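Here is a short note for a colleague who is opening this structure for the first time. Please read the points with the model in view.

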Amino acid sequence: MKITALALLTIFATSSSAFGLNGGPKTLAKTATRSVSAFQKPAMVQPVDVQGNRLSNVALKDVSDAIAVRGGASDAAPAKSGPDFGLIAYFALWYLGNYYYNITNKLALNAAGGKTGFPMSISSLQLGVGALYGIFLWLAPDARTKPTVNMQDLIKMIPVSFCFMGAHSASVFAMGMGAVSFAQIVKASEPAFSAVLSQYVYGKPISKAKWLCLPIVIGGVILASVKELDFAWSALIAACIANMFAAVKGNENKKLMETDGLKDRLGSVGNQFAITSILAFILSLPIVAIKEGSRFGDFIEAAKTTPAIWKNLVASGLWFYGYNECATLTLKKTGAVTQSVANTAKRVIVIVGVALVLGESLDPIKLLGCSIGIGGVLLYSIIDTLVAKK
């Protein structure tokens, strides 16, 4: 039921659009213009006011202006009315999908052996589930128009896809080694990695105000880790590796989108994410073979005898694909500040909600560190806007 519901919700979200009332007082404008023009033409009987005095050209102009103010002759575009149901749906599915992905992903990892299980196999197969779903949307009638990318486009997308695979696999490994909430807190420090890469690798310096926000983020993460009951260095290192891959992916994606005609050949954000998922899945197979290939038969046997493994694996793959696509569509329709607030709210909901469902630690010190770290991320995201206003 969850899988079917997700498919329907994802298709709904990706096909929905903002609703608004279009139209304008064009007929009224024409009528008013004709009325004013009639006053301005010479006539046998000249217009007079209520006292019998002849109206001057200035008075006639005032009449014209008054009619225009009331909507009679305005060229301004009509304002849209009503809520943006498409955007509301994207936000809801983004949060819901991220929440259920973290739960089903952790359940699949636990069922497959936890810390001694198969994190790389699970992360790779999650990408495979998303890739199949993307292909299904291309094949289904009237679901999604196929992209027209060429081989050169696919080659240029490989760096982004590899980083996407690396970030996802490292995140799954971190969640398998420790608490989901702890991995999410560490992942909140991604801006620190992005800042270093932008400044020293990609030659795009960030402001001093942003640099001053980073100690707040890092300090919050350290404070949240002090009393982490399920702390593991492997989880911390894996989450940091995920942050590094995510930061590189963001910078590489910006470079990719500057390719002439690529956006037109992709056709949509959905197509871009589908191709990225397919390439990421293919790139993950050699790593699975190297790391867990010798035990893959054991994984298959475990999945046969423990349905919780494959059920949660398929569900988490669909949730992962769906929430990422909805997040992209949401961010495209909002401004920078809204994106920052939305990302912060999402991470808080996931950390607290998943911890409650999975019975993870919510120690006051951990919550305080989480609040400081995530608050620092939000400040980092909007500090340049706040400084510019002053």
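1. Start with lysine 255. Its relative accessible area is 44%, so lysine 255 is partly exposed (buried means under 20%, exposed over 50%, partly exposed in between; 1.4 Å probe, protein chains only). This is a predicted model: local features need pLDDT of at least 70, side-chain atom pairs count only at pLDDT 80 or more, and totals for chains, interfaces and linings use all residues. Residues are numbered from 1 along each chain as its sequence is written, and side-chain values use heavy atoms, with hydrogens and water left out.

2. Lysine 255 forms a salt bridge with glutamate 252, at 3.7 Å from N to O (a side-chain nitrogen of Lys or Arg within 4 Å of a carboxyl oxygen of Asp or Glu). Glutamate 252 is buried, at 18%. Helices are DSSP runs (H or I, at least four residues), numbered from the N terminus.

3. The whole structure holds five salt bridges. One of them joins aspartate 153 and arginine 265, with the closest N and O atoms 2.6 Å apart. Aspartate 153 is in helix H6 and arginine 265 in helix H11 (residues 262-266), so the pair ties together parts 112 residues apart in sequence. Aspartate 153 is buried at 2%; arginine 265 is partly exposed at 23%.

4. Look also at serine 121, in helix H5 (residues 119-139). Serine 121 is buried, at 1% relative accessibility. Beyond its neighbours within four places in sequence, serine 121 contacts Val288, Glu292, Phe296 and Phe299 (contact: heavy atoms within 4.5 Å).

Methods: Helices (H or I, at least four residues) and strands (E, at least two) are DSSP runs, numbered from the N terminus.
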